[in-house]
Amino acid sequence: MEIKLWLNGKAVRDDVSPDMPLLEFLRKQGMYSVKRGCETSGCGLCSVLVEGKPVLSCTYPLMRADGTHITTLEGLEKEAEEFGAFLADEGADQCGFCNPGFIINVIAMTRELENPDEEDIKEYLAGNLCRCTGFMGQLRAVKKYIEHKRSEGRGE
Amino acid sequence: MNENNAVNRPIRKKDYKALVTGKPVYTDDLAPKDCLVVKLLRSPHAHALIEEIDTDRAMKVPGIEAVFTYKDVPQSRFTLAGQTYPEASPYDRLILENRMRHVGDVAAIVAGENEKAVDRALKLIKVKYKVLTPVLDFRKAKDNEILVHPEDNWKALCPVGADNKRNLCAREESEGGDLEKAFAESDVIVEETYHTKANQQAMMETFRTFSYFDIYNRLTVVSATQITFHVRRILSNALDIPKSQIRVIKPRIGGGFGAKQTAVSEIYPAFVTLKTGKSAKLVFTREETQTASSPRHEMEVRVKIGATKEGKIKAIDLYALSNTGAYGEHGPTTVGLTGHKSIPIYSKAEAFRFTCDVVYTNVMSAGAYRGYGATQGIFAIESAVDELAHRLDMDPAKLREMNITREGDLMPAYFGERANSCALDRCLERVKKMIDWDNKYPRRYMENGKIRSVGLALAMQGSSIAGLDVASVTVKVNDDGFYSLMIGASDMGTGCDTILAQMAADCLMCEPENIVVYGVDTDTSPYDSGSYASSTTYLTGMAVVKTCRSLTEKIKSYGAKLLKCRADEVDFDGERVYMVSEEKSISLKDLANLSMNFNDNALYASEMHTSPISPPPFMAGAAEVEIDPETGKTEVIKYRAVVDCGTVINPNLARVQTEGGIGQGIGMALFEDISYNEKGVSRSNSFMQYRLPTRLDVGDVKVEFESSYEPTGPFGAKSIGEIVINTPPPAIANAVYNAVGVRIRELPISPEKVYMGIIKNED
Amino acid sequence: MYKCTGYVFPESMEEAYKLNQKKSNKIIAGGGWLKLGSRQYATLIDLSRLGLDEIYEDEECFKIGAMVSLRQLETHEGLNLYTQGAIKESLKHIVGVQFRNSATIGGSIYGRFGFSDVLTMLMALDGFAGLYKGGSVPLEDFAKMKYDRDILSAVTIRKQKNIKTVYSSFRNQSTDFPVLACAMSLSEGKIRTALGARPARAEVITAELPTDIDRFANETANSFAYGGNMRASAEYRRHIAYVLIKRNAEILAGGKAYGD
């Protein structure tokens, strides 16, 4: 079946099987940041934005994405680098395999929530598993990034 | 000149930018787009013989390239364990066999142009199984009449006490001192049995490998592995081709934690490429990774510990029964740590004994998981020491203070090594302060009806395998004077590429940015046993130091030649070679560029390092938990830990190692559990059923370092990668006891177990 | 992962209904449950272009379209005001935000899953399943119905004055399936107790407001049946039911009601 959508701002048209997971479609399009960590919608590694909302690309029906705007980490390189520097400053980038899905969701969170506190952060990111860090370094990075964003907003 | 030392600086990982922007640097990202898709047909039975296997219909599926069965493979046995040759793990595998030894064992290999065709072909293979009774209870495996490995060509390369006709993968006995006397002189003896379950490493990247023939017609295998060089030997054994015909490359890997110290996925696509000549790729599903991989050995550990009424520990006797599952990977070696890296925490004891049996059963093969047997032993010892403290009516922290190993102590149960560097006493003291032990022990009743308590545990590990592991490093000088650092150790996300560059930077007196690090390629990297056994910082680090020392001599010697003086008249400060008299000097940049012009001195050094000892890092961990006595639910509120890993090379990376290990330990303590039904089918086949801790489950974790200085380590460093998983299970179990008086001796500490314990205490 | 050869976006409920009469076709909601299976379908029917993705609120009721995401429900101000935040509590433990952004209320309710937090919650609120052909059916009845080929288009909650609602679940791990889910509401002296994940699907019991909460909790817990699975035994579940009912009832006995 034919599908047309905007991938990281670029129009993409392809002929696909309707049971292809969005995840695989995106990797086929060269979006290798999108990773698979499980088959049961439970790891968060494949997170992408559909119309600005974070969803699991392993689960979200591909045909439903027809006509939508999809953003992967490739489309957020500047923000990824900016937040990624905070993550690396904690040594919390580690193996990196969960980074893209995690960073996508961090970006979604900072866009959706105003002044999230620690509990809000943990809850919003609970669907992003990471086996390397034990989460503390990620949390420190997120808090510092949010503070940095706030001070930027205040024009400091 | 480098003003700030690179060692002990929290610099960013060298590969961070690629990792945070999602660049295609992992195995599956790099595989050729047109390679064959490989999948495996797996046994639905825990124990069975294939009587007939019909692949005709599967072969007729359009796009199917090949279907292989046991009739197609070489017939000499091998092990998938990543260990130095001759491996301690028995040679008990074939690529494919007619005997199925666990649910998920491989019955056939299918390769085709695309996933849909391969999936279809898998369904069309007809197998007639003769179903056999499995051995599922590891307590009944030894000398059971049902044998997991009855075959005659099974072999053990090392004398580890293995006997396949008894379902024995290994057994060991060692002791020191007069055990009988020491127990006779003990006023109090605690004797209990503890049970730790199999756990999955659950790295986010599942097992995966692709293979192809390169331009020299050599089999090239790119794989997510911790043991790049061992994979070359394993493939040579399995495929029955010379090692010279194989090249193995490790790209970035998405976590390992020991799982990838076993060559779980490599042999299948490699076999397909060998047979078809075509490139081939196998990516394990999470289900396969959960059910047919290399998890932690399940163990039952019986501890007998005796002490005087004043609290002096006199004797420790430990027996471990380890379940290696269907195959023996890491079976004989993990269990050694269960005794040898738990008993020596209390090396002042006058006598010890350690005995063990490792048995085959018809569940998935176990393997290496961070902690490697020490984790199981430490859960038992550290629980038992708390039980002893309660019997003695002593504060468990006090009992530990009295008995722990201190710097300079001889550790009889640790192969007689001396603790040359040991800050365990300081770790304990500091962790007590961090958790506010003296005010919080044992418990406080909260207004909401819950109970908060604290629990403590100590740990040790090793740094590389003594008298066995080797690491070599090569450094060369390039144009303009930047260096290439070539290592054979696999960075699995932990940052060894970076910390080794930090060490090299200090040795060569430059910034780490001036050093380029290469990942592992068996064709070009210097040999390294691999990234396991907590060896990289300690052993490969020392190889870096030695290599840089040699290279510095070469730089000086070439500099002297250019300066037309004797080598003993010059020195090197990182930026220039200069005459000590300050008459003349030449910059490294000029020297390096000149070295590429009419020169016959290679500015290149390579050294190997090995160690006759394995200096233990030490650690103290403390948990503060909150228990709901009406439900038995335990929540970790705080976890505090202090680690003595010798000199900390990169504080950020060491901290994250520790926090990550504690996170895994909390999962092991509270809910991670590989369980099987009565037919040997795994109940833990997905992340939906095998729950990992999320960021809502780990509480607040804080880590500090209390460094000793290890004289045999690079810059005084020891290891950190494994020890960090060892304290949470016993510390949390001890906290649960301190809260509600329920002793959980079988992991995980589920709410139901705690609640049922509370009810039992009330009766 | 499911397999399919066709995929359609019907333009009307009638078209969707007709397509759904063919046994080899299937309605796809969020896709989360379907993907766990490996069944082959002819055509998947996607309801996402029928305007079913909104929550309407008026004086009388809330009408939640079948394609409303769990996240929309979780963050809906009106519903959270009406339930004193119980709606959010019933949803926030489900996997993660990304999952809840695509999982739908229609999929959750139609599936009538034993582990469902949402079904338990909406049952306690006296919700109605709006079936395209079958009309409005109380959720407690809908939960017992056999799977048929009708289409769930919405869930309706009729507003009750001075209602108080509370939700709590018990989990071994924070985002795991519940060991037990308990939703309760109190309106005009009557307590509705819905218990899910026993592990069988939710059922509801209505009783008078008790004076002896402990006794009430015990009796109510005893009137449900429990089973065991890898997460907990039947015996333990019964006990947890007692604890959750008792705690929830204590909250209902105090505190503020909707509209106070």
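Me: In chain A, what share of the contacts between residues at least 6 apart in sequence join residues at least 24 apart?
Reply: The model is predicted. Contacts here are C-beta pairs within 7 Å. In chain A, counting contacts between residues at least 6 apart in sequence, the share that joins residues at least 24 apart is 60%.

Me: What radius of gyration does chain A have, and what would a compact globule have?
Reply: Chain A has 156 residues, and a compact globule with that number would have a radius of gyration near 15 Å. The C-alpha trace spans about 50 × 35 × 25 Å along its principal axes, and buried residues make up 60% of the chain. The value for chain A agrees with the globule figure, at 16 Å.

Me: In what order do the elements of chain A run?
Reply: Chain A holds five helices and five strands. Read from the N terminus, the order is β-β-α-β-β-β-α-α-α-α.

Me: Which residue of strand 6 of chain B stands opposite B:Asp54?
Reply: Strand 2 of chain B, residues 48–54, runs antiparallel to strand 6, residues 126–131, and six bridges join them. Strand 2 is also joined to strand 4 (residues 99–100), antiparallel, by two bridges, with B:Ala48 opposite B:Met100. In strand 6, the residue opposite B:Asp54 is B:Lys126.

Me: Which residues touch the most other members of the largest nonpolar core?
Reply: Nonpolar side chains tend to be buried together in soluble globular proteins. Beyond four places in sequence, B:Val736 is in contact with residues including B:Val625, B:Ile627 and B:Ile744. The largest nonpolar core has 385 residues, and those touching the most other members are B:Ile109, B:Ala504, B:Met619 and B:Val736.

Key: Residues numbered from 1 in each chain as written. Chains lettered and ligands numbered in written order. Predicted model: local features only at pLDDT ≥ 70, side-chain atom pairs only at ≥ 80, totals over all residues. Pairing = 2+ DSSP bridges. Helix = DSSP H or I, 4+ residues; strand = E, 2+ residues; numbered from the N terminus. Core = buried A, V, L, I, M, F, W, Y, C linked by C-beta atoms within 7 Å. Buried ≥ 20, exposed ≤ 12 C-beta atoms within 10 Å, placed from the backbone. Contact = placed C-beta atoms within 7 Å. Rg over C-alpha atoms; globule rule 2.2 N^0.38 Å.
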